Amino acid sequence: MVNRNYNSTTGVNPAITHNPAPNLTGWTPAAWNACDKGNFAFGLFGPGAISEYMIEQFSASITTSTWNTLVGHRRWSLLPGATDFATGDQPGTDAFNPPTNIFYVIQKPAELVAQPSPQFVAYPPVGFFPVGLNSSFWSLSHQNADFSSATVQVTDASGAGIPVKSVNRDNSFGDPAIIWEVGGGAAVRSVGGDATFTVRVSGIGGTGVPSSHSYSVTLIDPDRLTSDLTMTG
């Protein structure tokens, strides 16, 4: 439905909405439900679309939407209690018939499981992380947290501070979250060697939630060889 309603002459696509009208070509209740309860990407499909939902960052020439600055696609995709996902692709052929992805993420209560011990969900997460999936929008969420008074500090491996700007606190998508934009080396999409950053979020509220949370992220390039490998035999 999303693919077939694109007008390549005007660049208009009335199907790119979470409430597509019944008069659209290809409309069905299932198609409507997928848009209403899903992430959608236009111009991307397959694993590339899923990666972009995580990164939440358009190129500098394109306006970044509220959904991206609040990382709503990412937060629905990483919701800890979610069990049922569905994805559909139209690979497309050219600029007149672009690729499309719909990713069902907003689930019914029966498709969610209770979390016996809710945990923090960070992006990038703790530990080694492929730099190609890095974003300048970092986030931390928790099912029971109140981030309304929380603050964020990011430091590099030497202990030097990393610029933090555009801090948002939001309860609209998935679990409550704090989202911040990093600068400097923390926002890169390429590294020559492992780069470690430590995050500390303080002033967290919520029943049973720690008042602060610290963790380290190490950006790596899994496609870069850093030693000379020799085959023998």
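A: Let's start with an idea we will need: two strands count as paired if DSSP finds at least two bridges between them. Keep in mind that this is a predicted model.

Q: In strand 9, which residue is the bridge partner of Arg-169?

A: Arg-169 has Ile-178 of strand 9 as its bridge partner.

Q: How many bridges join strand 6 to strand 9?

A: Five bridges join them, again in the antiparallel sense. On strand 6 (residues 137-141), Phe-137 has Glu-181 as its bridge partner in strand 9.

Q: Are the faces of strand 9 covered or open?

A: Buried means under 20% relative accessible area. Six of the six residues of strand 9 (residues 177-182) are buried, so the rest of the structure largely encloses this strand. Ala-177, Ile-179 and Glu-181 are buried on one side, while Ile-178, Trp-180 and Val-182 are buried on the other.

Q: In which sense do strand 5 and strand 11 pair?

A: Strand 5 (residues 127-130) and strand 11 (residues 212-220) pair in the parallel sense, over four bridges. Here Phe-129 has Leu-219 as its partner in strand 11. Strand 10 (residues 195-202) pairs with strand 11 in the antiparallel sense over eight bridges, and Phe-197 stands opposite Val-217.

Q: Is Phe-103 buried or exposed?

A: Phe-103 sits in strand 3 (residues 100-104), and with 11% relative accessibility it counts as buried. Looking beyond its sequence neighbours up to four places away, you will find contacts including Ile-50, Tyr-53 and Phe-85.

Q: How many salt bridges does the structure hold?

A: Side chains of opposite charge can pair when their charged atoms come close. This structure has three salt bridges. In one of them, Asp-170 meets Arg-75 at 2.9 Å, N to O. Asp-170 lies in strand 8 and Arg-75 in helix 4 (residues 72-77), so the pair ties together parts 95 residues apart in sequence. Asp-170 is buried at 11% relative accessibility, and Arg-75 is buried at 5%.

Q: What is the relative accessibility of Asp-36?

A: Asp-36 is at 22%, which counts as partly exposed. Its salt-bridge partner is Lys-37, with the closest N and O atoms 2.3 Å apart, and Lys-37 is partly exposed at 26%.

Note on methods:
Residues are numbered from 1 along each chain as its sequence is written. This is a predicted model: local features need pLDDT of at least 70, side-chain atom pairs count only at pLDDT 80 or more; totals for chains, interfaces and linings use all residues. Side-chain values use heavy atoms; hydrogens and water are left out. Buried means under 20% relative accessible area, exposed over 50%, partly exposed in between (1.4 Å probe, protein chains only). Helices (H or I, at least four residues) and strands (E, at least two) are DSSP runs, numbered from the N terminus. Contact means heavy atoms within 4.5 Å. A salt bridge is a side-chain nitrogen of Lys or Arg within 4 Å of a carboxyl oxygen of Asp or Glu.
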